[in-house]
Amino acid sequence: MRVEQVIILWTCICLVLPLTMGLEMPFLEKNITNEDIFLRLNDVQAVTKPEEFVGYNISFTGKKEATKLTLDERCRLGRPLSVRWTNYGPYASLVRGKNRPLEGVGLTGIFPSVINDVLAQCCHINTRVVYGRYIYTLKNLEKSLSDKNSSDDMMFPVGLQSMDMDLFKELPVVPLLTAPRTTLVVPESEKQGKTLELFKTVGLAWPILVFIFLAAILSGVFIWTLDHLKNPDEFPTPFIEGVWEGFWWAVVTMTTVGYGDRAPRSILGRLFCIIWIVIGMSIIAIFTAMVTASLSASIQNNFVIHGSVMGSVDGSEEERIGTGMNADVRTFDTPTDVVQALVDTTELEIAIMDSYLLTYFHEVIKREPVRVKANKELPINYGLVLAPNSENFTKCFTKYIKNNPQDIFNSVRKNLKPLKNPTDDVSEELKASQEFLEEEAFHMILYALAGFLGAFFLLGLTWEFCISKILRNPLKQTNEEELKAKKPSENTTKKSLMQSWAQDPNLPKEAATELELVKLKSTKIRQLIQEYDDFYEKWMEKLKEVTEYGEDKWAKYGTTPNEKNGESLMLTYNGNWA
């Protein structure tokens, strides 16, 4: 009756969606194959329910068959075996079987695949893994190995310090594989205030700015001293005015702008100019390098391992490696908890795990804002611990691993997924610059500058086409009226003055004679001017007639008219007038 109830519950569970989990895990369901270990529900024991099954009303309270036979004896006789494991990514994971949902669960991964191959080589044809005991954490799995009263046939995965180990906690151990690298994963940098960092960085460079200012002033004094006697026009003799012009020359020269409005003329001044060009360019280069380096450091995610908060699985080799890196290691029960803390909280700055374990979370890495920061050449060894009194099975297992490295590699390859992180396609430098351009402070400054430019442009157009015309027209009319009024008044004044002089009875005779002479000369001058105007008009008409004579006809006489310099009437004799 108990088995039937479990089957009914399992059927109901398969018809409804599970409860939403905080972090969707890969390989939650898969088809169970011959490479996996199939376990019936009533043959699985778990003190703590696997996190993949938290949303399901399933209890793992199975018990294995009581027996006094050793592992070697049960292997030879074809009796059922038991395993003890913890879910650890691609090494071993408990999943729901899509093709056998009503019967049980599957234990999949690198270790189950190799175990099935080894049983086929080393044991009776009927030998199978039937019983399983799930341990929630890697650390508890390691602790359980010390319990002599609770021994299963195979316990995995276990982190090993060396691939040459034969015993682990006085139990036989078989080193299985090595994860070649340790990977550091970091959250995407979301530092804010890069615009403020820009101004702060420039502000922190004030000592070099002061140095540049003082050096330019001193250079201005030198160039004034050396050149003001020979070149007083560009470097005036007065000290303040001359030093100011020298300072201006020094700034323009050291920045390689070179307007050319100031230049030394003396030999000593020019020699000093050469020296100052080299010194000034070096100073500016130092300032530019300092600002560039500071900006690069401020907008990028400064990755420092020592002292950083690093997450790892409790009891794992990664924990020991992180501690050796002088990091502030925070331990978590499972790899899922580590990834969850890195993605959803600000608790961690770095997560450390081996390269094989990282591929198990490839979907999470693709979906969440995390980045593979670095790969360290720090290998991590894994193996499985066997029950005592299993010398023959241990030798056969070890022999199989040594003689079939390609089969081990195939098991590893099938349980790994190539990791392609979309965030790795964009370099951190480019992402930092994009974040800088997307900042609200930068947008505010940009909008303010655009607003000021638009306002000044609008004011300029308004002044040019509206206000200035309104102000200029009355002024122009006033000036024209004053000019018109001024000319007649001047002529009238002159005529009235001369008439008053001529009619003055007290005017001396000599003055009257002189006045009459002036009148006569003025009249003659006006006549000469008129005659000149008439002559000029007639002369221009004749000139036009002459210059319009065809060029081909002029060529006959060896000359052409030159209208630009007024030499159109000049003929150049070429020895042939025909």
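This is a predicted model: local features need pLDDT of at least 70, side-chain atom pairs count only at pLDDT 80 or more; totals for chains, interfaces and linings use all residues.
Let's start at Glu170, which sits in the loop between β9 (167–168) and β10 (171–179). Residues are numbered from 1 along each chain as its sequence is written, and side-chain values use heavy atoms, with hydrogens and water left out.

Glu170 is not a glycine, yet its phi is positive, about 65 degrees. Most residues other than glycine have a negative phi, and most peptide bonds are trans. Is Glu170 buried or exposed? It is exposed, at 69% relative accessibility. The cut-offs: buried is under 20% relative accessible area, exposed is over 50%, and partly exposed lies in between, using a 1.4 Å probe and protein chains only.

Asn326 also has a positive phi of about 65 degrees, and it is not a glycine. Find Asn326 in the loop between α9 (317–324) and β13 (328–332). Asn326 is exposed, with a relative accessible area of 54%.

Now a peptide bond. From Phe156 to Pro157 it is cis, with omega near -10 degrees. Pro157 belongs to strand β8, residues 154–160.

Zoom out. The protein chain has 18 helices and 16 strands. Of its 578 residues, 38% are buried.

Next, a helix pair. Two packed helices are described by the angle between their axes and the distance between the axes. For α3 (residues 110–122) and α13 (residues 391–403), the axes come within 10 Å and cross at roughly 115 degrees. Axes are lines fitted to C-alpha atoms, for helices over the stretch in contact, and angles run from 0 to 180 degrees between N-to-C directions. Which residues make the contact? From α3: Val114, Asp117, Val118, Leu119, Gln121 and Cys122. From α13: Phe393, Cys396, Phe397 and Tyr400. Contact means heavy atoms within 4.5 Å.

On to strand β14, residues 350–354. It is mostly covered, with 5 of its 5 residues buried. Ile350, Ile352 and Asp354 point one way; Ala351 and Met353 point the other way. What joins β14? Strand β11 (residues 182–187) runs antiparallel to β14, with 4 bridges. Two strands pair if DSSP finds at least two bridges between them. Thr183 has Met353 of β14 as its bridge partner. Strand β12 (residues 309–313) runs parallel to β14, with 2 bridges. There, Gly311 stands opposite Ala351 in β14.

There is also an open sheet of 4 strands, in the order β1-β5-β6-β2, with mixed pairing. Its edge strands are β1 (29–30) and β2 (37–40), each pairing on one side only. β2 and β6 (residues 104–108) pair in the antiparallel sense over 4 bridges. Arg40 stands opposite Gly104 in β6.

Last, the record. An unreviewed UniProt entry annotates residues 204–226, 271–295 and 444–467 as "transmembrane region". UniProt positions are given in the numbering used here, feature names are shortened, and annotations may be inferred rather than shown by experiment. In the model, residues 204–226 are 96% helix and 0% strand, with the end C-alpha atoms 35 Å apart. Residues 271–295 are 100% helix and 0% strand, with the end C-alpha atoms 37 Å apart.
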